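Me: I would like to learn how to read a structure, one feature at a time. Please give me the general idea and then the case here.

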Amino acid sequence: MTVFRTENLSIGYKDKILFGDLNFEIKTGILTSLLGSNGIGKSTLLKTISGLLDKKSGAVFIDDKNIDAFSIAEFAKLVSVVLTHENVNKDLTVYELVKLGRQPYTNWLDKLTEADENLINATLEDCEIISLKDRKLSQLSDGQLQRTFIARAVVQDTPFIFLDEPSTHLDLYHKVKLFKLLKKLCVVNNKCILFSTHDLDLALQLSDEIMLLKDEKFYHNITKNLINEGVFDRFFDTDDIVFDRERKQFVVL
Ligand SMILES: Nc1ncnc2c1ncn2[C@@H]1O[C@H](COP(=O)(O)OP(=O)(O)OP(=O)(O)O)[C@@H](O)[C@H]1O
């Protein structure tokens, strides 16, 4: 399974459509950032394509199969999702939460194989939470908790990973580490990662492709093309912040 595609997808709530007729395709090996201002519809899009929210209309496909045709168990082997407000038992330890990512693959005894355990431990290392593995979630900082959820998604080992604002709560060091980890998962492990973020500079420097929701318009292209089209020159509706195309950075005047 290598291509995730929408066909005339409309997203929204009740009788309100936030974005209509979205047609996009994302592929394994590619890191895509989803950008847009507060309240524009990023989480709504991620939840809709993850099957957690009803579509208003249109369809979503993985390769050529409509996602509605997958069983929950099949879908869990294809798509992993981390949302911003995860409801979880905070008495679980870091290891126990990350281990849940292997559930689609374990039998009713929930027994891990040696390969499962190796993957969990390697991911705990990659996400720099190995030293916290026995700590309860209630005893973590927001940033450590964030990295634990990301580790669960990585351990789920799906070709498609959707993350809603994974860099929130992280300091710059861990933001950079996270972006590099996401990039590595795409390049080395051939994942397709779509994640929303407000860390524009890092997203522009490290993403292969950008999706941008702005003024009821949907943009999707490789990062360089969107920069050259001038889409970011008018990203903010103010003269106080300008975009430096050369450095791929926003500058406050
Ligand atoms: N359950 C809901 N019912 C009705 N409207 C909702 C619901 N959830 C969100 N909305 C509205 O839909 C719009 C898009 O919200 P969404 O959470 O997708 O934005 P976002 O781009 O992720 O924002 P942010 O960057 O602030 O997280 C907002 O106007 C929001 O108020």
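Me: Which residues does Ile150 touch, not counting residues up to four places away in sequence?

Reply: Two residues are in contact if their C-beta atoms, placed from the backbone, lie within 7 Å. By that rule Ile150 touches Val82, Cys127, Leu163, Pro166 and Leu178, once residues up to four places away in sequence are left out. This is a predicted model, in which local features need pLDDT of at least 70, side-chain atom pairs count only at pLDDT 80 or more, and totals for chains, interfaces and linings use all residues. Residues are numbered from 1 along each chain as its sequence is written.

Me: What is the pLDDT average of the protein chain?

Reply: pLDDT is the predictor's confidence in each residue, from 0 to 100. The protein chain averages 92, and 99% of the residues score at least 70. The model also scores ipTM 0.98 and pTM 0.94.

Me: Which residues touch the most other members of the largest nonpolar core?

Reply: In soluble globular proteins, nonpolar side chains tend to be buried together. A nonpolar core is a set of buried Ala, Val, Leu, Ile, Met, Phe, Trp, Tyr and Cys residues joined through C-beta atoms within 7 Å. A residue is buried if 20 or more other C-beta atoms lie within 10 Å of its own, exposed if 12 or fewer, and partly exposed in between. The largest core here has 54 residues, and Ile150, Ala151, Phe162, Leu182 and Ile193 touch the most other members. Helix H5 (residues 142–155) gives the largest share of this core, seven residues. Helices (H or I, at least four residues) and strands (E, at least two) are DSSP runs, numbered from the N terminus.

Me: How many residues of domain 1 are in contact with domain 2?

Reply: 16 residues of domain 1 are in contact with twelve residues of domain 2. On the side of domain 1 that touches domain 2, helix H2 (72–76), E8 and H6 each supply at least two residues. H6 gives the largest share of that side, five residues. The centres of the two domains, taken over C-alpha atoms, are 25 Å apart.

Me: What is the order of the strands in the open sheet?

Reply: Strands of a sheet pair through backbone hydrogen bonds, either parallel or antiparallel. Here two strands count as paired if DSSP finds at least two bridges between them. The open sheet has six strands in the order E7-E8-E9-E4-E10-E11, with mixed pairing. Its edge strands are E7 (79–82) and E11 (217–222), each pairing on one side only. E4 (residues 31–36) and E10 (residues 209–214) pair in the parallel sense over five bridges. Leu35 stands opposite Leu212 in E10.

How values were computed:
Domain bounds come from an automatic or database domain assignment.
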